[in-house]
Amino acid sequence: MNSTDFINNIGLTHYLVLAAILFVMGMAGVLLRRNVIVLLMSIELMLNSVNLTFVAFSKYLGHLEGHIMVFFVMTIAAAEAAVGLALAVSIFKRFNEVNIRFFEHLKG
């Protein structure tokens with residue numbers, strides 16, 4: 001059995017299981033961690049699992065809509081990362097620590 005036979009045997013179910021595992025790992029990071037950087041990384045992991053699902057369905061259905069949706073999700077992820085990191089820098093400048101409980105002190 002060569003490597004091309006192995007690649008041809010990977011089905012939609014394999015991609016969906018991998019995406020589900022990545023999503024659950026990201027959700028666990030969001031629910032269990034208090035560090036803002038880890039929260040942002042966990043959200044990015046969840047968004048990437050959604051991207052994997054879009055691409056997998058797009059490939060196996062033969063449509064391009066999934067690939068197009070990935071570009072929109074990547075744009076949203078970039079904006080989320082920029083805003084999240086700006087808030088994290090603001091928290092760090094004020095409290096010398098990046099913790100989610102300090103976000104309530106950012107009122108004008």
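Good morning. The protein has an average pLDDT of 87, and 90% of its residues score at least 70; pLDDT is the predictor's confidence in each residue, from 0 to 100. This is a predicted model, in which local features need pLDDT of at least 70 and side-chain atom pairs count only at pLDDT 80 or more, while totals for chains, interfaces and linings use all residues. Residues are numbered from 1 along each chain as its sequence is written, and side-chain values use heavy atoms, without hydrogens and water.

Confidence is lowest in helix H1 (residues 3-8), with a mean of 66, and highest in helix H2 (residues 12-32), with 95. Helices here are DSSP runs of H or I with at least four residues, numbered from the N terminus. Where pLDDT is low, the predicted coordinates should not be read in detail.

Let us turn to helix H3, residues 36-61, which holds Leu-40. Is Leu-40 buried or exposed? Leu-40 is buried, because its relative accessible area is 14%; buried means under 20%, exposed over 50%, and partly exposed in between, with a 1.4 Å probe and protein chains only. Beyond its neighbours within four places in sequence, Leu-40 contacts Glu-80, Gly-84 and Leu-85, where contact means heavy atoms within 4.5 Å. Leu-40 and Leu-85 are 45 residues apart in sequence, yet their C-alpha atoms are 8.3 Å apart.

Ser-49 also lies in H3 and is buried, at 1% relative accessible area.

Finally, Leu-32 belongs to helix H2 and counts as exposed, because its relative accessibility is 69%. Thank you.

Note on methods. Helices (H or I, at least four residues) and strands (E, at least two) are DSSP runs, numbered from the N terminus.
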